[in-house]
Amino acid sequence: MAERQLKVTILGDAAGAIKAFQDSERAAGGLGAFAEQHGKKIGVALAAAGVAIVGFAAASVKHMGDVGAALLETSQKTGVSVEALGGLRFAAEQSGSSLEALSGGLKFMQKFLGEAEQGTAAQTQALKSMGLSLQDLASMSPDQQFLAIGEAINKTTDETEKVNLAIAAFGRSGTELLPFFAQGKEGIAALQEEAARLGIVLSGDAAAGLEDMGDALNSARKSMEGVQAVIATALAPIISSLARGIADLVSGVQRWMKENSELSRVLTIVGVAVGGVMVVIGSLLLVLGPLTAGIAALGAAMTLALRPV
């Protein structure tokens, strides 16, 4: 069977297509020029942003590890749940206090109530001045006892007595906790709710996980110290020998300078003079660089101005 060929000719105005290709070519060239001109700056900016992000992440991990460990330790020593401590911590920090003061006050309060139960006169009188009784406090959790005692102290009108009661119940942390209790029961409760809403109240499991992470990171740091110890031990004989060699060389130079004091003085003067000349030449080069560029630019401008039209 004979083969046949079909030839099709398309006629039309190609100006639009050609213009489109030319526009694309110009756009690509412009993009290339932009990348060439600003690529380095963009790269530096992206690298700096990456470093900042990694640094923030590392700092956040360390900070939350420390917070988790502190909350868990305080919970174990005071009997207050990690969740309750998270809300109290936020409320304390909002009043200018701290988790350390909160922890210290809670631990001292346990001692204060234990001595009151034994009938110690000072603690019994302090509770009486607050208008509280051991029977009322016995049915409360440790954090509720803390807030009840703080509220009773805050209602005391005599400022001197208020300070004395705060120290009696919370020890050295008492005075630092006064602004915290000054927020009132409702104010503290509102801040605890805000802490929960912000997601900064940790659960016991979360705090334990953060503490475990902190322990793991500390182990990793200690293992790196072990590597450093191995390296230092291997290099110690070499560095010691090199240091002794440098010391012997310096001692020899000092002896030579003492034995040849006049020549040493001349060499010192020559060295200082050479250094001064180098400073002058360097300064001139710093000035002449921009000056030469300016003269060249001026010459080019005059050439263009004097060129016949």
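Predicted model: local features only at pLDDT ≥ 70, side-chain atom pairs only at ≥ 80, totals over all residues.
Residues are numbered from 1 along each chain as its sequence is written, and side-chain values use heavy atoms, with hydrogens and water left out. Local features need pLDDT of at least 70 and side-chain atom pairs count only at pLDDT 80 or more, while totals for chains, interfaces and linings use all residues.

**Exercise 1. State the secondary structure of the protein and how much of the protein is buried.**

Step 1. Take helices (H or I, at least four residues) and strands (E, at least two) as DSSP runs, numbered from the N terminus. The protein has eleven helices and zero strands.

Step 2. Apply the burial cut-off: buried is under 20% relative accessible area, exposed over 50%, partly exposed in between (1.4 Å probe, protein chains only). Of the 309 residues, 21% count as buried.

**Exercise 2. Check the length of helix H6, then find its packing partners.**

Step 1. The expected span is 1.5 Å times one less than the number of residues. H6 covers residues 142-154, which is 13 residues, so the span should be 18 Å.

Step 2. Compare with the model. The end C-alpha atoms of H6 are 18 Å apart, which agrees.

Step 3. List the buried residues of H6: Asp143, Gln145, Phe146, Ala148, Ile149, Gly150, Ala152 and Ile153.

Step 4. Look for contacts (heavy atoms within 4.5 Å). The buried residues of H6 pack against helices H2 (82-94), H3 (99-117), H4 (121-130), H5 (134-138), H7 (159-170) and H8 (174-181).

**Exercise 3. Describe the lining of the largest pocket.**

Step 1. A pocket is an open set of points on a 1 Å grid over the protein atoms alone, where a 1.4 Å probe fits, with protein on both sides within 12 Å along at least five of seven lines; lining residues have an atom within 4 Å of a point.

Step 2. Name the lining. Among its residues are Asp143, Gln144, Leu147, Phe181, Lys185 and Ile188.

Step 3. Assign helices. H6 and helix H9 (184-198) each supply at least two lining residues.

**Exercise 4. Place Phe90 in the fold.**

Step 1. Phe90 is found in helix H2.

Step 2. Phe90 has a relative accessible area of 10%, so Phe90 is buried.

Step 3. Leaving out residues up to four places away in sequence, Phe90 touches Leu191, Glu194, Ala195, Leu198 and Ile200.

Step 4. Compare sequence and space. Phe90 and Glu193 are 103 residues apart in sequence, with C-alpha atoms 9.9 Å apart.
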